[in-house]
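Here is a short report on a few charged residues. Look over the sequence and the structure, then read on.

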Amino acid sequence: MIGSPLSSNSKKLLLLGSGELGKEVIIEAQRFGIECIAVDSYQNAPAMQVAHKNYVIDMKDFDSLVELIEREKPDYIVPEIEAINTDALVEMESRGFNVVPTAKATKLTMDREGIRRLASEGLGLKTAKYEFAESFEELNEAVAKIGIPCVVKPIMSSSGKGQSTIKSEEDIEKAWKIAHESARGLGSKVIVEEFVKFDYEITLLTARTAFGTKFCEPIGHIQIDGDYHESWQPHAMSEKAKKDAEAMAKKITDELGGYGIFGVEMFIKGDKVIFSEVSPRPHDTGMVTMVTQNMSEFEIHVRSILGLPVHIELLKEGASHVIKSEVKKYAPSYLGVEKALEDPACKIRLFGKPLAKIGRRMGVALVTGNNTDETRAKAENCAHNIKIE
């Protein structure tokens, strides 16, 4: 049963993290008459601009998060970012609150050590070789074991924050500093990963629903400095690789449990599938589904949470490309929107972030077409036509 928002019988969704992905989640939830509350560490975050109510708190603070949940008594607690006190979510779930997909999933996936050990040692999934280090001395030892080149990441971070590639011994100290300056959450531990020479990498959006697990068509993507830069759907794969990827995604998401969409990242080398990471929420590379599928990843997430039927059909081929800022500016302006939209195949989403920073993702270009090369080129051109000042 769904009630009426802002009434005594309303269904409440508390969104923890109010970025561009959360904004789309709230838009979809409101289409089903859900009362939406957006939370972030700063005012006027994108999702706050479309929510019924919003709060600014430190979501890494246990007491602040517990107090807010007790005050609002939401039917659904939906984390959108990793920088959250997951112990508070575990506590509130034990008191009967519904954490999406589960508090366990949120806690494990925020911690790269936890999810990597679960995938490799617990479930036997193929992963890159890895070691952990808690000091600069241990980092040197881990790099020696893994070999150069290798990748260093803080165990608690997201969207490529704090990630760097060690290409020579001179890079080790710099990698250690970068990891600590950009880490989200507490702790100094880093993961050192083998540098995988893959053919391509994909995101397999995996929806756990009341009607079974469903897989969207694979999304190809390119990351720069560990951060999403462009994506396209579908990405061509051999039938064997696709089936193995789906089996791997089902195994890890079944272990995490709950209902909702998961972004499962994988490296593909020939027919070999290598697990990389999993996010228990809509994925940035999946923004392309806003134009390619009959239901976007955001609608799928909300429907899965509400126990409603989900459909994952691909309607058109498409691509996305980020619109990034080259300046730091409060209340930025966007130029070139008219030129960017001259091609009828092009759409844009400007996120409405109140502060532009150099390299910050401020929007996305979305394009549909007849083939991947065409859509990727058009999406890049559309994105580059928009200037931020």
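Leaving aside its neighbours within four places in sequence, which residues is E277 in contact with? They are R112, K153, G263, V264 and E265. Contact here means heavy atoms within 4.5 Å.

This is a predicted model, where local features need pLDDT of at least 70, side-chain atom pairs count only at pLDDT 80 or more, and totals for chains, interfaces and linings use all residues. Residues are numbered from 1 along each chain as its sequence is written, and side-chain values use heavy atoms, with hydrogens and water left out.

The side chain of E277 also makes a polar contact with the side chain of K153, at 3.2 Å. A polar contact is a pair of N or O atoms within 3.5 Å, one able to donate a hydrogen and the other to accept it.

Strands are DSSP runs of E, at least two residues, and helices are runs of H or I, at least four.

Beyond residues up to four places away in sequence, E265 touches I202, T203, H221, Q223, I274, F275, S276, E277 and H283.

K23 lies in helix α1, residues 20–31. K23 is buried yet has no salt bridge, a side-chain nitrogen of Lys or Arg within 4 Å of a carboxyl oxygen of Asp or Glu. The nearest side chain of opposite charge, E24, is 6.2 Å away.

Terms used
Buried means under 20% relative accessible area, exposed over 50%, partly exposed in between (1.4 Å probe, protein chains only). Lys and Arg count as positive and Asp and Glu as negative; His and the chain ends are not counted.
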